[in-house]
Amino acid sequence: MNATGISPDGAGPLLDVRALRKVYTGRNRSVEAVRDLTFSVGAGDLVCVVGPSGAGKTTLLRCIAGLLAPTSGEVVLEGAAVQGPPPGMAVVFQEYGRSLFPWMTVQQNVELPLKQKKLPRARRLELVRNSLDAVGLGDVPAAYPWQLSGGMQQRVALARAVAYEPHILLMDEPFAAVDAQTRADLEDLVRSLWQRLGVTILFVTHDIDEAVYLGQRVLVLSSSPTVVLDDVAIDLPAERDQLGTRSSARFAELRAQVFGQVQRAKHQSGAPDHQSGAQGQPAGSRPADTGTGPETTEDRQPTDAGSR
Amino acid sequence: MSAHSTVRPGRRSPGAAVGTVARVLRWIAAVLGLPVALLALWWVLSADSETFYLPPLAEILAAFDDVWLRSDRLRADVLPSLLRLSAGFGLAVVLGVGLGVLIGSFRRVRAFCEPVLEFLRAVPPPVLVPVLMLFAGFGNTMKVLVVLSGCVWPILLNTVEGVRAVDEVLTDTCRCYGIRGPARLWHLVVRSASPQIVTGLRQALSVGIILMVISEMFAANNGLGFSIIQFQRTFAVTNMWTGILLLGLLGFLLAVLLRLFERRALHWYSGLRQFQRNDGHR
């Protein structure tokens, strides 16, 4: 697998997450959300992070975005440790309705970060127009976000991120709150933007189909306290479409593989698990296709390989 | 041909104009209906009034013209009052919004200031008039300070509430896109607190008008409050009533001005609210 994150063309990793750990300390108890995460993302990659709900996905993303300081470990972006939100990064949040300024028009929303970058006016307008065109919203620059549907609002957020010309784009379950049809359209939009712009994307989702459909790689996280359970290379063709790709045999295999991992992730976290051994039952005696169960990752791996 | 082409737009616009006029008339009727009815009631009930302190409305209205419009009083009394009010109100906006943003932004500052704020807010501003007279004398400074001392609290406290309620996702968005400093203050903090700030402005305006009058009643040689108290002391009761009417009228006009400002500044907010309501019903 591409665990090192070195992209095939030989470029070094753009993003390096090293032994990331995050413990939330409350008044009289602390919660270990993320135990030990290490992975890297090469320049130009589209990596999906998938895990069961409550797997610390958002914690991970906030640490990468510099919105949250890790307890230990570090996030290195383009060779520099992330201390706060780095300039070359854009984030698309799940709550599209709350991440756009309701007192600004679509145009002003997309333009504001560019003003902060002190870009000249002509360049700003060009970027705004191009990015709105790219997400299919070229005709509504004067509308307010709340006048648009949920899917269109998320397109505005996407346009704002694209116009910012980031080196890396983080997306935190961006399509979790839109309907299925809109979601499919937005997934294709992300693929096409990625292919056209060559931007690196880290896409966090709980939806396995979405992760497999979008990604070049899928990182499977355990439940909290989180570790990386698996790093699946998605060897689907670069040109993907909702109907053809999703009904292909390879898609089904990859989906099943990730699904099995996520199912196991629900029952297994980074916490030391003595139960599987204590059961006193040899793992091999169980039917190989039991999706869940006390098997360890190591037991499961050959089964997946065999099913290919 | 040319006649034909000029007739068409000419024919259409009167129809549209009639519609607009009808709408405006209906609006005026809705707004002025109750005031007119109350004035009519006052007129009828007071028509035969023999009481010295309650002259007939007809007399009051007749005197209004002489007392306020055909004299120098608009310039000599009304204008100074309005200037004092706007100075006090303006300073209260600057101070209230400025301090409110500061207090609302930092939890520590808020915890530190809150008890004092609650205490100061509970002190009725009119009782400060004698105290302020000691420090600031009898001039305009005192009157502006009195207006300020009353107006600042509703603006300050509402701003604090508004700033506290700034959305977390929007805050994160600003951090991610490097929106900080003055841009963050304006585009994120003040704008998202603006509905509450405007609520504060509305409360402050009514307090401000009251305090303007009161401060002029204590010690002044001109102003609306001074004129009214002067009429009262010289038993010019009809004139006094005209002053009270004028005061009400001014208050109404200022409230309308504020409403117009609100409609411009918060038009996004009413749209958003309306959308959310419709969404909820769906």
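Analyst: Let's go for residues 15-248 of chain A: their end C-alpha atoms lie 31 Å apart, and the span is 35% helix and 28% strand. Here helices (H or I, at least four residues) and strands (E, at least two) are DSSP runs, numbered from the N terminus. UniProt, in an unreviewed entry, annotates these residues as "domain: ABC transporter"; its positions use the numbering here, feature names are shortened, and annotations may be inferred rather than shown by experiment.

A quick note on the model: it is predicted, so local features need pLDDT of at least 70 and side-chain atom pairs count only at pLDDT 80 or more, while totals for chains, interfaces and linings use all residues. Residues are numbered from 1 along each chain as its sequence is written, and chains are lettered from A and ligands numbered from 1 in the order in which they are written.

Now the strands. In chain A, ten of them make an open sheet with mixed pairing, ordered β5-β4-β1-β2-β10-β9-β3-β8-β7-β6; two strands pair if DSSP finds at least two bridges between them. At the edges sit β5 (80-81) and β6 (89-92) of chain A, each pairing on one side only. Strands β1 (residues 13-25) and β2 (residues 30-42) of chain A run antiparallel, joined by nine bridges. For A:Val17, the bridge partner in β2(A) is A:Phe39.

Finally, look at A:Leu170. Beyond its neighbours within four places in sequence, A:Leu170 is in contact (C-beta atoms, placed from the backbone, within 7 Å) with A:Leu61, A:Ile64, A:Ala65, A:Met89, A:Val91 and A:Leu202.

Conventions:
Two residues are in contact if their C-beta atoms, placed from the backbone, lie within 7 Å.
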